Amino acid sequence: MSKLFPNATIRTSAPYRFDIVGSFLRPEALKQARSQCSCGDISCADLSQVEDTEIAKLVEHQKNVGLHAVTDGEFRRTFWHLDFLAALDGVQEIDVDKFSVQFKHHSVRPKTLKIVDQIGFPANHPFIEHYRSLQRIAGTTEVKLTIPSPSMLHLICTVRATDYQPITRYQNNNQQLLDDIADAYIVAMQTFYQLGCRNLQLDDTSWGEFCAEDKRKSYSERGLDLAQIAKDYVYMLNKIVAAKPADLAITMHICRGNFRSTWFSAGGYEPIAETLFGHCNVDGFFLEYDSDRAGDFKPLRFIKNQQVVLGLVTSKSGELENRDEIIARIKEAAQYVDINQLCLSPQCGFASTEEGNILTEEQQWKKLEFIRDIAEEVWGK
């Protein structure tokens, strides 16, 4: 029993009291192998062997730190989102002059996506084999799959893009596009479920943008109705959730950008709280709360029965936060959401792209040990 919260209890299903967003710093051996493969010095099969070896080490480390569900650290990806989305039917990755958003102090490799045909989830999507491989490595330990939210495909191709030209199927028919994206995700969800997935996380930066006044102003000036777009995204998410099996947990991670320890959006959750928290039927939200860029906890008043994983510990630096301050913030959040609807995690992954954030692997694991210890103190073991 927790001394801090007498009514607090542990959780035996996802999301967990001590949880993670998903990505981890790429080890040097993996970075080197990926570079050698891109230069033609080693084969794709050779790279896969290195990935398997490093993911096995990562999984073991996650188990040792006490995580209930493990990920592959996104070790097989270059970006947290583009690798998955570009492999969908009807989507093409293209080179551009600059990335679709601008991070503070750093520039991202200029890639984006274009819708060229009907959206679908192919039977040979590479993430299927990635998931099978992680399952083999993890053994009896629960596996958590992280993929970009369906909102991201729509956002990148039709909202951020200033030159979007819909294909004939989607011309003057945004509803068809929303349904095709949602249907593709339903097929993906069912595919991974049949492989054993019971813990699916959708990563999303669209809501972080919709929290930012400067981006809201910019989109509004272009004639975009953000209130309707937000409702459209909740529609897609709820269509997917409505089709899920009862024992599959679907959570969403909301981010304001995470590249080389920098960010691209700032602003509290209030502008999107009622639409998202009050109407989106996911099982839980992983919410960034590591800095004043995320605002206060008042928007949590719209939370219904979802779990809220508080991202109070930053993944952007190696310096450990103050334990008492983290516990005080949990108490503050508990004024709006019951303590048994709260969990704790880093605010984001440690490497949303293969470059990774600016901290060491040792600091990365110290962060997780720090979070674990607080979670055990607050909710018990």
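Biologist: What are the ground rules for the values?

Modeller: This is a predicted model, in which local features need pLDDT of at least 70 and side-chain atom pairs count only at pLDDT 80 or more, while totals for chains, interfaces and linings use all residues. Residues are numbered from 1 along each chain as its sequence is written, and side-chain values use heavy atoms, leaving out hydrogens and water.

Biologist: OK, which residues of α2 are buried?

Modeller: L47, E51, E54, I55, L58, V59, Q62 and V65. They cover an arc of only 155 degrees around the axis, which puts them on the same side of α2. The arc is taken from the directions from the helix axis to the C-beta atoms.

Biologist: Why do residues three or four places apart point the same way?

Modeller: An α-helix has 3.6 residues a turn, so residues at that spacing point the same way.

Biologist: And what covers the buried residues of α2?

Modeller: The cover includes α1, β1 (69-70), α4 (126-138) and α12 (361-379).

Biologist: How far does α2 reach?

Modeller: Its 22 residues span 31 Å from first C-alpha to last, close to the expected 32 Å. The expected span is 1.5 Å times one less than the number of residues. After α2 comes G66, with a positive phi near 100 degrees.

Biologist: How do α1 and α2 pack?

Modeller: α1 (residues 28-38) and α2 (residues 44-65) pack at about 170 degrees, with axes 9 Å apart. Axes are lines fitted to C-alpha atoms, for helices over the stretch in contact, and angles run from 0 to 180 degrees between N-to-C directions. The pair is therefore roughly antiparallel; that label applies over 145 degrees, with under 35 being roughly parallel, 65 to 115 roughly perpendicular and the rest oblique.

Biologist: Which residues make the contact?

Modeller: A29, L30, A33, R34 and C37 of α1, and C44, L47, V50, E51 and E54 of α2. Contact means heavy atoms within 4.5 Å. These residues divide into seven nonpolar, no polar and three charged. Ala, Val, Leu, Ile, Met, Phe, Trp, Tyr, Cys and Pro count as nonpolar, Asp, Glu, Lys and Arg as charged, and the others, Gly among them, as polar.

Biologist: Switching to backbone. Which peptide bond is cis?

Modeller: The one from A14 to P15, with omega near -5 degrees. P15 is in the segment before α1. Most peptide bonds are trans, and most residues other than glycine have a negative phi.

Biologist: What is phi of E74 and of N172?

Modeller: Phi is near 60 degrees for E74 and near 55 degrees for N172. E74 is in the loop between β1 and α3 (82-86), N172 in the loop between α5 (150-160) and α6 (174-194).

Biologist: Is E74 buried or exposed? And N172?

Modeller: E74 is buried, at 3% relative accessible area. N172 is exposed, at 82% relative accessibility.

Biologist: How many residues of α5 are buried?

Modeller: Eleven of the eleven, so α5 is largely enclosed by the rest of the structure.

Definitions and conventions: Helix = DSSP H or I, 4+ residues; strand = E, 2+ residues; numbered from the N terminus. Buried < 20%, exposed > 50% of the residue type's maximum accessible area, 1.4 Å probe, protein only.
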